Amino acid sequence: MSRFRGIWQASLNATKKALTWNVDDWIPPAEKYIFNFSSKEELKKWHLYSDAEFGGLSSASLEIKDDANKSSGVFSGNLSRDVTEGTKWNITRSGFCGMRSKKFDGFIDLEAYDTIALRIKGDGRCYISTIYTENWVNSPGQMEDNSWQSFVFVPKDNWCIAKIPLDHYLPTWRGNVIEAKLEMNPSRILGMSLSVNADGGVPGANSGPGDFKLEIDWIKALRTQ
C-alpha cells in the first residue's frame, strides 16, 4: 500500500468512527458512582478528624462491616463536649467528628448532575454532607478549599437513600454559612466529607453527646432533570 493510500485509509477509518458515535459519548449516564464502601481498600480514600486534634475528647472510627450479601462502611464513635484540662488550644466548642475523603487526583466533574445521593443507615442523628471545591470564594492567600454543606437527617435503623440537590448546599467558612449569593462550580470538586456534631441539626433529630453510628453503602451523583 502506497504512503498516500495509507493516509487516505486512516482518514476514512477516522471518519467512519466519528459517524458511528455512541450516544453515551455525548450524554453522560444518569448516575455516577463517587464512592463505594465495599472493601478496606476503599476506606483508604478517607481520613478521620475530630475535636481531639484541638483538645477535645470526641473519638471516631471507620471500618468495614461484612454482611452475608455485601459490605458497607461504618462511621462510628463518641461525641463529647468536654475538653482536655490544660489544653493549649483555645477552642470555643467541642463535640464533633468527621470523615473526609483524600483529595482526588485532579477534579471530579459533576457538571452533568444535579443531586448527590447517599445510601445510608443511621441512628436518628443529623449529619453534615460537605463538598469541597477549588478555592475561588476565599481570598487567594488562603490554602483551604471552598466548602459547601447540607444537613442529612438519617432515620434510625433503616437503610434509606438520601438525596440532596446540589443547589441545597450552602457555602460555608469553618462551619459558618457565608451570607452571600454564591454558586458552586460542580466541575471542580476536590473531595467530600461526612461529619456529625453533638449540637445543632434539624428539628426532631437526635442530638447531644454520646455514641453515634452511620453505615454507608455508596455515594453517587444523579441527573434527575
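**Cavity lining.** I began with the residue classes around the largest cavity of this predicted model: the lining has 6 nonpolar and 3 polar residues, and no charged ones. I then listed the residues themselves, which are Trp46, Ile116, Leu118, Ser129, Thr130, Met192, Ser193, Leu194 and Ile219. The volume came out at about 40 Å³, and I recorded 1 cavity of 30 Å³ or more in the structure.

Which strand gives the largest share of this lining? I found that E12 does, with 3 residues. Strand E6 (115-121), strand E7 (126-133) and E12 each contribute at least two residues.

**Sheet.** I next traced the strand order. An open sheet of 7 strands runs E2-E5-E12-E7-E8-E10-E11, with antiparallel pairing. I noted strand E2 (46-50) and E11 as its edges, each pairing on one side only.

I looked up the partner of E12 (residues 189-197) in strand E5 (residues 96-101): the two are antiparallel and share 5 bridges. Among the contacts, Gly98 has Ser195 of E12 as its bridge partner.

Ser147 is bridged to Thr172 in E10, and Thr172 in turn has Val177 of E11 as a bridge partner. E10 and strand E11 (residues 176-177) run antiparallel and are joined by 2 bridges. I checked the hairpin between E10 and E11: 2 residues separate the strands, and Arg174 adopts a positive phi near 55°.

**Aromatic pairs.** I counted 5 aromatic pairs in the structure. One of them, Tyr33 with Trp218, is edge-to-face, with 6.4 Å centre to centre and 85° between the planes. Tyr33 belongs to strand E1 (residues 31-36) and Trp218 to strand E13 (residues 210-222), so this pair ties together parts 185 residues apart in sequence.

Are the two residues buried or exposed? Tyr33 has 47% relative accessibility and counts as partly exposed, whereas Trp218, at 11%, counts as buried.

I then turned to Phe35 and Trp46: their ring centres lie 4.6 Å apart with the planes at 55°, so the pair is tilted. Phe35 is in strand E1 and Trp46 in strand E2, so the link spans 11 residues of sequence. I found both Phe35 and Trp46 buried. They also belong to one aromatic cluster, together with Phe37 and Phe104.

**Charges over rings.** I placed Lys220 over the face of Trp218, at 4.2 Å from the ring centre. Arg188 lies over the face of Phe107, at 3.8 Å from the ring centre.

Note on methods:
Residues are numbered from 1 along each chain as its sequence is written. This is a predicted model: local features need pLDDT of at least 70, side-chain atom pairs count only at pLDDT 80 or more; totals for chains, interfaces and linings use all residues. Side-chain values use heavy atoms; hydrogens and water are left out. Two strands pair if DSSP finds at least two bridges between them. Helices (H or I, at least four residues) and strands (E, at least two) are DSSP runs, numbered from the N terminus. On a 1 Å grid over the protein atoms alone, a cavity is a set of points where a 1.4 Å probe fits but cannot get out, and a pocket is an open set with protein on both sides within 12 Å along at least five of seven lines; lining residues have an atom within 4 Å of a point. Grid points are joined across faces, edges and corners, and a volume is the space filled by probe spheres set on the points. Ala, Val, Leu, Ile, Met, Phe, Trp, Tyr, Cys and Pro count as nonpolar, Asp, Glu, Lys and Arg as charged, and the others, Gly among them, as polar. Rings of Phe, Tyr and Trp (its six-membered ring) pair if their centres lie within 6.5 Å; planes under 30 degrees apart count as stacked, over 60 as edge-to-face and the rest as tilted. Buried means under 20% relative accessible area, exposed over 50%, partly exposed in between (1.4 Å probe, protein chains only). A charge sits over a ring if NZ of Lys or CZ of Arg is within 6 Å of the ring centre and within 35 degrees of the ring normal.
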